[in-house]
Amino acid sequence: MPRDRIRRALRRDRGGRPEDVDARQRRQTEPRWVRWLPAGYVVVILALEPLTPVQWPVSFLLTALPVITAFSYGPVAVAAVTVFAVGFEMVLAGTPCCAGREVGYLWDRHYVFTYICTALLGALGAILAAHRIRRERTLASVRSVAETAQQVLLSPVPHRLGAIRVETLYLSAAAEARIGGDLYEAVPSPYGVRLLIGDVRGKGLVAVETAATMLGAFREAAHDESDLMAVARRVEASMNRRAALLPPGSEVAERFVTAVFAEIPDHEPVVRIVNCGHPPPLLISHDGVFELEPDDPSPPVNLGVLVDNHHRVDVRRFRPGDLLLLYTDGVTEARDEGRNFYPLLDRVRSWGFLEPRALLDRLHEDLLAHTGGTLDDDTAALAAYRTQEPPKPRTGHEGSHGLG
């Protein structure tokens, strides 16, 4: 399935090439005045012509028109504008009715030099436009591959896992590639719903590779291991094996991941948490909003070989109607113009109780407003909401919430 997704993303048919999509997106996002700049430039010249003496040939300003056009249009449009500019220069140079000059000025050496300069700049502008379009097409392909890789890495999380409703949010700071190192996952298991959120040290493809290793280990361990501590230890072991295979002194070998492992059992109104050096989750209930600080935090994943490698499980109350918000430090470390951190706890308390999707949408909007629309770090969040009383344990060989 992932291979099929990548193949579809890389397919270049006539109706949906990545560069065509990128061109449409660029036209939608760039300021409209950029597209209208060449026409506005001509209007300014027409306004200056009757206001200046005959001895001041403002037609010389038209030599810049092809280059201005190259920033927004393709080489064919630049060539057409060049022809228009040369013709317009001739009109302004030697038409008594329009410019007040004699026809003889048309072939004056100064004006001829202007025609030649305009043509040369038109040729350079066409080359510039063609080069810009090639770069846009390359960037569109990179974005398409990066987005597909991100989708394969962070596969869609089910919105409903038994009595738990789950919603996610991901915002990448790498705007050009749209890919980052934050990760999340929600897995139904015979022992309840198991959640993971993590933040890889660093960015780019190395961070993505580290995140892929951790997610793969978690998805397997979440189904196999009977307790949450064993899940964290198995993920730690997988990350350590990966680091051991890398060359000594490799920067990749030093990569570590801060993470929160959480388990919401089917039959108990609690949540179990293993916090590996990660920002504490928020518990949002009708009694208030609380940070679930660990009693004894565990070291970040892949850092346990350097420090005391222990994992501690904290058990917190998680009743029907409660909501658990997991997030990365891209949320709490987002800064405004005054370099002030985003006050997540205060903001969530001021909003009151919101449904998971509404909460993440509100968080998304508020983060962008706080930072002025620019994020300096990847951001991920996962909201889990318990909808009803935990079901009574089943007897016999029946699996939990439909798992058999």
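**Reading side-chain contacts and sheets**

Tutor: A polar contact of 2.8 Å links the side chain of glutamate 263 to that of arginine 272, and since this is a predicted model, we read that contact as a feature of the prediction.

Student: Which element holds glutamate 263, and is glutamate 263 buried or exposed?

Tutor: Glutamate 263 belongs to strand 5, and its relative accessibility of 4% is the reason it counts as buried, the limit for that class being under 20%.

Student: Which other polar contact does the side chain of glutamate 263 make with an arginine, and which residues does glutamate 263 touch?

Tutor: The side chain of glutamate 263 also has a polar contact of 2.7 Å with the side chain of arginine 194. Leaving aside residues up to four places away in sequence, glutamate 263 touches Tyr191, Val193, Arg194, Asp227, Leu228, Val270, Val271 and Arg272.

Student: How should I read the sheet, and what is the order of its five strands?

Tutor: Strands of a sheet pair through backbone hydrogen bonds, in either a parallel or an antiparallel sense. Here five strands make an open sheet in the order 3-4-5-6-9, with antiparallel pairing. Strand 3 (182-189) and strand 9 (314-317) are its edge strands, each pairing on one side only, and the twist from one strand to the next averages 20°.

Student: How many bridges join strand 3 to strand 4, and what lies across strand 4, strand 5 and strand 6?

Tutor: Strand 3 and strand 4 (residues 192-200) run antiparallel and are joined by eight bridges; aspartate 182, for instance, has aspartate 199 in strand 4 as its bridge partner. Helix 8 (residues 228-244) lies across strand 4, strand 5 and strand 6 (270-276), and runs at about 150° to strand 5.

Student: Which strands form a hairpin with two residues between them?

Tutor: Strand 7 and strand 8 form that hairpin. Strand 7 (residues 282-285) pairs with strand 8 (residues 288-291) in the antiparallel sense over four bridges, and leucine 282 stands opposite glutamate 291 in strand 8.

Student: How is a pair of aromatic rings described, and how many aromatic pairs are there here?

Tutor: The description rests on the distance of the centres and the angle of the planes. If ring centres must lie within 6.5 Å, the count comes to three aromatic pairs. In one of these, the rings of phenylalanine 218 and phenylalanine 261 have centres 6.0 Å apart and planes at 45°, so the pair is tilted. Because phenylalanine 218 lies in helix 7 (residues 204-224) and phenylalanine 261 in strand 5 (residues 257-264), the pair ties together parts that are 43 residues apart in sequence. Phenylalanine 218 is buried at a relative accessible area of 0%, and phenylalanine 261 counts as buried at 0% relative accessibility.

Student: What are the distance and the angle for phenylalanine 353 and tyrosine 385?

Tutor: That aromatic pair is also tilted, at 5.9 Å centre to centre with 55° between the planes. It links distant parts of the chain, 32 residues apart, with phenylalanine 353 in the loop between helix 10 (344-351) and helix 11 (356-371) and tyrosine 385 in strand 11 (residues 379-386). Phenylalanine 353 counts as partly exposed at 27% relative accessibility, whereas tyrosine 385 is buried, with a relative accessible area of 12%.

Student: Where does the charged end of arginine 35 sit?

Tutor: The charged end of arginine 35 sits over the ring of tyrosine 73, at 4.3 Å from the centre of that ring.

Methods. Residues numbered from 1 in each chain as written. Predicted model: local features only at pLDDT ≥ 70, side-chain atom pairs only at ≥ 80, totals over all residues. Heavy atoms only, no water. Phe/Tyr/Trp six-rings, centres within 6.5 Å; stacked < 30°, edge-to-face > 60°. Buried < 20%, exposed > 50% of the residue type's maximum accessible area, 1.4 Å probe, protein only. Lys NZ or Arg CZ within 6 Å of the ring centre and 35° of its normal. Pairing = 2+ DSSP bridges. Polar contact = N/O pair within 3.5 Å; in protein donor to acceptor, adjacent residues only side chain to side chain. Contact = heavy atoms within 4.5 Å. Axes fitted to C-alpha atoms, helices over the stretch in contact; angles between N-to-C directions.
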